[in-house]
Each structure stands twice: as C-alpha cells, then as structure tokens.
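Hello,

As promised, I am handing over the structure we talked about.

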Protein chains: 2
Amino acid sequence: MPTVRGMADDAPGRAAALIALDWGSTSFRAWLLDGAGAPLDSIRSADGALTVSGPADPARTRAAAFEETFTRTCRPWLDEHPGVPVLCAGMAGSNHGWAEAGYLDVPADLAGLARHLTVVPAGDSVVHLVPGLRVTGPDPDVMRGEEVQLLGALAAANDGGGNAGEAAVDDGGDRAGTVVLPGTHSKWVHLADGGSRVAGFTTAMTGELYALLMRDSIIGRLATEPDVARATEVSDAFVRGLDAEAERGDERGLPALLFTARPLALAGRFDPAEVADYVSGLLIGAEVRHALREHPADVVVLCGPPATADRYRAALERGGAAVRAVGEDAAARGLWRVALDAGLAQPATTDTPTTEEQTA
Amino acid sequence: MPTVRGMADDAPGRAAALIALDWGSTSFRAWLLDGAGAPLDSIRSADGALTVSGPADPARTRAAAFEETFTRTCRPWLDEHPGVPVLCAGMAGSNHGWAEAGYLDVPADLAGLARHLTVVPAGDSVVHLVPGLRVTGPDPDVMRGEEVQLLGALAAANDGGGNAGEAAVDDGGDRAGTVVLPGTHSKWVHLADGGSRVAGFTTAMTGELYALLMRDSIIGRLATEPDVARATEVSDAFVRGLDAEAERGDERGLPALLFTARPLALAGRFDPAEVADYVSGLLIGAEVRHALREHPADVVVLCGPPATADRYRAALERGGAAVRAVGEDAAARGLWRVALDAGLAQPATTDTPTTEEQTA
C-alpha cells in the first residue's frame, strides 16, 4: 500500500488544530483536523508498528525509527502548522512500539483516557500517546487503538450517526450496551453507565484466522479469487457458511466444520470462487453467535469498513440483534474527543461543519 | 527431512513379498515386507505428493515425476528383488497425484479396497494404487491413505494389539465402533458390522490450524519453543487448554478462546514456552469434545504417533471415552492386508514373526 493523501476541497481556508494518528500493527493512518475536529487532510500508509521496528531492537533504536517514520510521513503538515499538537493511539504505544503508553484497567471510564497520556518527543513537536485498555483477573484481555474507535463509534451512535429509528447504545434496561469493532482481532465491548464506562471486553481472532486459512491452508489452495463485483456483498456462499455454523457449529465444532469447505468444493457443491465467502461465513458466524450467547444484546453498535460491516450485520441480525452501524472513520473522531478532554486541542468557535455532521 | 532407511537386523535371510507405500501430501513412507508382512527395511523421506509435482502439471508430466521419485527412492529394493509387487496408498492416488485411484463410496466394506486397485507402470514394475473413501450426500467428506491405516489399526486392536483389558472395537451394542486417526487432518471413522464396514467419517483440520497459528499468527509470535524434554508429555499447559475449552468453548467459541493465549501470556499467567501446548489443548479439546458429542462412543481406537496419541488420549478420557491405543505403523499392516486380499502377496508358510506380533 503506497502512502495515500486525501485533502478536503475547502482545506486551505481552515486552521489546523490537531494531528491525529491511529498507528496499528500493520497500518498507519493520520488526519489533520481543524478546530471542529473535521479532517483537512489525511494520510494512510503500510508503515505499521510491526514494520517500523522489530521487537528485538533496543528501546532507543525503536523510538528513533518511530520518530523518523512519523516526521517523514507528516512532514508537510509539521512544516505548514508548526506547533500543532499530535495525539496517537494504537500499537505505537505498546511495549514493542514508540514508547509504552500503559493501560487503563477495566472497568474504566472512557473519559480517563485523556488523563493518562504519555509524552514522547518528535523533532520540534511532542506526541501524546493514548493508553490502551486492559481486563485483569482470571480472563485477561487487552486492546490498543480500538479504545479511540470505540469513543468515536459511541459519539456517532449517540448523535444519531447510526441508522435511524433504532435504540441508543445503552438501552437503560438489564442489558448493557454492546459495541463490536470487527477486524483482524475483533473487539466486543460491553458498556455501562449510559455508554461512558467500559464494563469489559473480549477479542476474537476471526480476521486473522480467515487470512491464515485463505493464504496457507489446504482450503486456501482450492479457493479461487472471489468475484470482485460481489466482493462487498453478503453473498449466497457467505450465508451458507452462516447457516451451516448456526445449525451445526455446536455439534460439530469449528476444526471439523472448516474442513467441510474442501469436500463440498471437490464435490462441486459450490464453486472455487465461493470457498472464501463460505469460510468467512463459518468464522464470522462462530464469532457472532458465541459473542451473543456470552453477552446477550438487543442492540449492537457496529463499527467497521463497509464490506466487513455488511457481513457482521447479517450475522448479528441472524442472531436476533438489532444493528446500529456507524462509519469506519471512528478513530479520528475518538482522537478528537480525547484531545478536547485533555485540553490539547481548543474547539474553534466558528460554524465549520463538525466531524459528527460530516461522517453521519 | 532427509531420506531415512531402517533395515531389520535379520533381514538378509528373509524373502521380500511386497513394497508397501504410504505416499501422503507431505511425506513418503515405504516398507519392504517379508512373506509374513513383517518389515525387512523401511524408507522415509519428505518427497510428499505436493512436492513431487504441481497440480497445474499435465497428467503425463505428473506421472513421470512420481515414477522417477519412486524408482529412485526404492532403487535398492527393486534391483535386489525384481518383480516384487508394489502397493501404494495416499495422495499419490489423487487427481493431482500419480494417477486417480478413485474412491469407494461410504458405507463401504473395507474388504472392497482390494477389489478396486488402479495399476500404473513404473519401469519394470507395476504399482497398484489403493482407492480412497468418500462420503456423498449433504455432508460430503474424503480420505485417501487413512483407509489403510484404519485397516491396520483395526487388525491391531482386534488382535489385542491395543492396551489390554478393554472392549473390542465394535462393542455389539447400540453404539458403533469409533476409530480416530489424529493428524494434520484428523479422521473420525464410525464402523458397523463388527468393524468390517465403514458407516461414515468426518475430518477435523486441527493439526493444520495448529501449524498455521504457531507459524504465522500473533499467538505464534509470542510463543517460544516448548521445552524439548517435555515435548512428548501431556503438559500442564495442554491440560489448561483442554480445561478452558471444555468449560468455556460452547459459550465463548474458538475464535475468541484461541486469542486468550495472548493476554494470558502477556499477563504472565503462563510462560511463553507454554503457549504452544495451551493452544494445542484448546484445539484438540474442541475437536474431541465435538466429535464425541456428534457420535457418542464408549471406546475409541486411537492410532497415531506417541506424543500426539498421548494428547488425544487425555482429551478422550476427559470426555468419558475409554481409549484403545494402537501403534502408529498401522499403514504398513493395512497395506499388507490389502495385498493379501488382492492376491498380490502370498503369505509365507514359515514361522517368521508376523507384523501383528512385532508391532503389538
């Protein structure tokens, strides 16, 4: 993936208030935000935290590599807007990243993120790293980067940024609100106190399992590329996977159910171009069905890229949950929220459209 | 893996009756058997069917590559014992192998294997390929190579080759006998008619999932090599994996349960050297628990290499099944059985020890 920039048409007239970074394991995303939190410009590259520096490098070498990547990639913004504050979430804040940004222990108020930033120097700037969230106890879990997506998703959902006519995140009843952030490692977050407090979360490595199976397994070897025209659809093969998992997953178990892709394709029961979607249906089906069993939810807020979100929506609705989908650029919105809470960015007093209105 | 030979000490005085090949996707195993089916010599190499020839090669090129590999590897035997019959099971008989050896449709009598051999020329010899087994209908499955391991395992179990004092394979009651052949793709075989007939079977890709996760996933990245001294043991970490899967697999599902290895290791709840065994426990636990749920069994015949068999035994006994373990060299014994049934090999009338007695 080359570095890609996307500048807003009306950017030249607006003042920059924040550089917001979502620096994950395998990707780097950056936004230049104005005083209303709306994007003036954006950058996306493949310089993920795993690529920038190896875990065996000494801390000083690692920090220098992160600083160099950041200053090189964001050079035009830093030159044009000297002194603009920088806020960064994601694996850049891990113990193998730029600097260890720590964790807030769950249950945790999301407002606490802004009170626990870690500062690292970067040339003439300083970068503020957002902490992750951690579940301790018998059933530990961690997230890093998703906490700002979560903040942004909640802001979008509560502002009506989701699809209209559905209930709010915290429905005020016995069931706490649930947010799912699908991905390589999907996060299922359970909320309390009207959505301001994370009660707990769990991770499912669904996306990574799918990638491993399609790239290197005996199933991947007999799969051909899915029809590109249908790649964003919830295809028949995906629904067959969902159905098979719902009907037989408890009886047969995933290690056996996944293998069925091979004899079904060999027997001509579906086309090699459908194998990937069928396997996706089995895996997303298993993830969603178990997540709803462990934490029943009437409404689930869903935040991810469109093609993935469509598949999760199908699985969630099959499981009886109503879905409130919000846009995938929740990270920028969440970072803006943290920057405001921390006093890093000052909201402009103009009537420029807000991020909320733009992404709704 | 280099080519490895292992000649019996008393081999020079005994006549050769059969070359038996178990030619799988990733390994080549060959035995030179005497007139009692006992090994005179053996060869093992990494020239698996996937290595010998690509699926895109024309059939003629593929056949030539298999013939060359066979004649080169078994040259000393072919020179010393001209005209010795050759019998071959495994992926060499697939549509991407030496020649397509077809399938017997299940339910199938195991005695039928010997009546459906496919003949291919190999220099001055001919090679007889054993067919695979196939389940048709709504829930198809295939095996190729395991059918001769199954024959050998049943012969060993019924001759008392398993651990003493346990019930026979077919217990004569309502429950048919079950045989499990653990591996990259574990086969669970359900028998009828006193063990002579395969009623059905299913495959679980447990071994392949484990290899993918350990080699390429975020879990594999934080795992260190297991302690070699404990590699054949049912370790504490393996049992923790079994326990976690049994207690929480239905609620949490495998995509989420597998990920727990990461936060547990990050939290210091186990050592990086224990990650692999914990993941093995989760996967084998899921396979075995679901297989016993789908087809309840009081006694299961277990046939695999010792370290793997120990783990499956622990999972099976945890699930309430008694285990009858038989040696892993069942393939040679099964191939000998097919060769006798087909009239390819003639049993010697000496009192040389039989394979049964040697492997018991």
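Before the sheets, a word on terms: two strands pair if DSSP finds at least two bridges between them. Helices (H or I, at least four residues) and strands (E, at least two) are DSSP runs, numbered from the N terminus.

Please keep in mind that this is a predicted model, in which local features need pLDDT of at least 70 and side-chain atom pairs count only at pLDDT 80 or more, while totals for chains, interfaces and linings use all residues. Residues are numbered from 1 along each chain as its sequence is written, and chains are lettered from A and ligands numbered from 1 in the order in which they are written.

Let me start with the sheets. In chain B, 7 strands make an open sheet with mixed pairing, in the order β1-β4-β3-β2-β5-β9-β8. Its edges are β1 (4-5) and β8 (118-122) of chain B, each of which pairs on one side only. Helix α2 (residues 59-73) of chain B packs on this sheet and touches β3 (28-34), β4 (39-45), β8 and β9 of chain B. The direction of α2(B) makes about 70° with that of β8(B); such angles run from 0 to 180 degrees between N-to-C directions, with axes fitted as lines to C-alpha atoms, for helices over the stretch in contact. Within the sheet, β5 (residues 86-89) and β9 (residues 125-129) of chain B pair in the parallel sense over 3 bridges, and B:L87 has B:H128 as its bridge partner in β9(B).

In chain A, β8 (residues 118-122) and β9 (residues 125-129) pair in the antiparallel sense over 5 bridges, with A:P121 opposite A:V126. They form a hairpin with 2 residues between the strands, and A:G123 in the turn has a positive phi of about 65°.

Chain B also has an open sheet of 3 strands, ordered β6-β10-β11, with mixed pairing. Here β6 (103-105) and β11 (141-143) of chain B are at the edges with a single partner strand each, so one side of each has no neighbour in the sheet. From one strand to the next the twist averages 25°. Strands β10 (residues 132-135) and β11 of chain B run antiparallel, joined by 3 bridges, and B:R134 is partnered by B:V142.

How do the two chains relate? Chain A can be laid on chain B with an RMSD of 0.0 Å by a turn of 180° and a shift of 0.0 Å along the axis, superposing by least squares on C-alpha atoms of residues with pLDDT of at least 70 in both. That is the relation of a two-fold axis. In all, 35 residues of chain A are in contact (C-beta atoms, placed from the backbone, within 7 Å) with 35 residues of chain B. On the side of chain A that touches chain B, α10(A) gives the most, with 6 residues. Moreover, 100% of the interface residues of chain A are also interface residues in chain B, so the copies meet through the same surface.

Best wishes

Methods. Contact = placed C-beta atoms within 7 Å.
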